[in-house]
Amino acid sequence: MFYEFNGHRPVVDPSAFVHPLAAVTGNVSIGKNVYIGPGASLRGDWGRIIIEDGCNVQESCTIHMFPGVTVLLKEGAHIGHGAIVHGAVIGRNCLIGMNSVIMDDVEIGDECIVGALTFIKAGEKILRRSVVAGNPAKVIREVSEEMLRWKTEGTALYQALPGKMRKSWRECEPERPAEAGDKRQKSNEDSEEGYRPWKETVEGQPNLVEEPAAAYGNKKFTIEEYLEMEEKSETKHEYYKGEIFAMSGPKLDHVRVVMNMAALLKGKLRGMGCEVFATDLRVIVESEEFLTYPDLSVVCGEPLTRNNDDWNLTNPVVIVEVLSKSTQGYDRDKKFDLYKALASLREYILVDSRSVLVEQFCKDAAGNWILTKYKKLTDRLMVKAVEVDLSLEEIYENVRFPRLSD
């Protein structure tokens, strides 16, 4: 329910969903694709509450403040069941765990994770990417890429929920067991797939691998099970020896580099019997039981796929991966080792999206991989496997550089 107070009426974007059993009072602003659960109380009576796009405030949460204070939930903030936020600022893409209490004048930096039942006393300043837990709260570690990816995936479920609620949510009378039949089983089968629990936030648990993301529980999947799940999924996942891993979404400059290189290679390869494919085509390394989505792959001659399925490429001669902060170690090390098992592969190119740096690995006649680096926009990259050269200035067109490479 919405309540006007002292001349202020809540302002709610039409894409948001506020459950009728939530109480939203006074000077409250709710952004796009926000979910407010039943039993939540948002009291903008003594001050102001701003909930930015993509946030969710779950069941039985309370948001309030002392007079004259603004509570701010920045974009993508995720407030778990029963949490209390009193006069605090919650950073972008943070997770506030269930039944935690965040007191007055607390400022939590972007991309933090606050454990369940945590108490953060008034005035605390939490640096970005911190894992916080305890009563009183302590910073216990830095948020890893896997933890952040897991958090972002969970929040994405809530960001999609308002649209689904508006489409199919309605008050009803319950069915009797005899009427329900097999609907319950079907409902379970049709439920969200791919979301994995996360145990890394438990204090004392060892960190999992940095890249790719942590696997979906302990279950081992066959390749066929993975392919069936991936066909239904709205996000991309890697598969490695029975485990399924979420892939992070690329940032703007990453996408610019991919598109620039795809356009350059397509133009240069025209009429040469070679073809470039972008991120939506999977590559399979069958001997390693590894399936992934390279940023770019080049095939000369007829593209060959697993069982002629047109989905899983087996014969790339060139693979290009665009590096970002979260993937560079994995792309240079473990992923490259897996790609090396491809008999067709003759060249592996890594392009940094944050600085002018191209690393080119070419396979010689003895099977050795020879590294050449390019660090200047005036350099030209000769893709030896297909005998075309690319200008780094064109590869990095419209890309913003925070620094030069070391």
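Trainee: In which sense do strand β30 (residues 358–363) and β31 pair, and over how many bridges?

Mentor: They pair in the antiparallel sense, over six bridges. Before going on, a word on the ground rules: this is a predicted model, where local features need pLDDT of at least 70, side-chain atom pairs count only at pLDDT 80 or more, and totals for chains, interfaces and linings use all residues. Residues are numbered from 1 along each chain as its sequence is written, and side-chain values use heavy atoms, with hydrogens and water left out. As for terms, two strands pair if DSSP finds at least two bridges between them; strands (E, at least two residues) and helices (H or I, at least four) are DSSP runs numbered from the N terminus.

Back to your strands. β30 and β31 make a hairpin with five residues between them, and Gly-367 in that turn has a positive phi of about 90°. Within the pairing, Cys-362 sits opposite Ile-370 in β31. In a regular strand, side chains alternate between the two faces of the sheet.

Asp-379 counts as partly exposed because its relative accessibility is 22%; buried means under 20%, exposed over 50% and partly exposed in between, using a 1.4 Å probe and protein chains only. Leaving aside residues up to four places away in sequence, Asp-379 touches Tyr-374, Leu-390, Ser-391 and Leu-392, where contact means heavy atoms within 4.5 Å. Its C-alpha is 5.9 Å from that of Leu-392, 13 residues apart along the chain.

Now for the packing. The largest nonpolar core has 35 residues, and Leu-42, Ile-51, Ile-90 and Ile-108 have the most contacts inside it. A second, separate core of 30 residues includes Val-358, along with Val-351, Val-388 and Val-399. Such a core is a set of buried Ala, Val, Leu, Ile, Met, Phe, Trp, Tyr and Cys residues joined through side-chain atoms within 4.5 Å. Ile-51 itself touches Val-34, Leu-42 and Leu-73, among others, again not counting residues up to four places away in sequence.

Elsewhere there's an open, mixed sheet of eight strands in the order β3-β5-β7-β10-β13-β16-β19-β20. β3 (17–18) and β20 (138–142) stand at its edges with a single partner strand each, so one side of each lacks a neighbour in the sheet. Inside it, β7 (residues 56–57) and β10 (residues 78–79) pair in the parallel sense over two bridges, with Asn-56 opposite His-78.

Another open sheet, of five strands, runs β22-β21-β25-β24-β27, also with mixed pairing. There β24 (residues 282–285) and β27 pair in the parallel sense over two bridges, with Arg-282 facing Asn-312.
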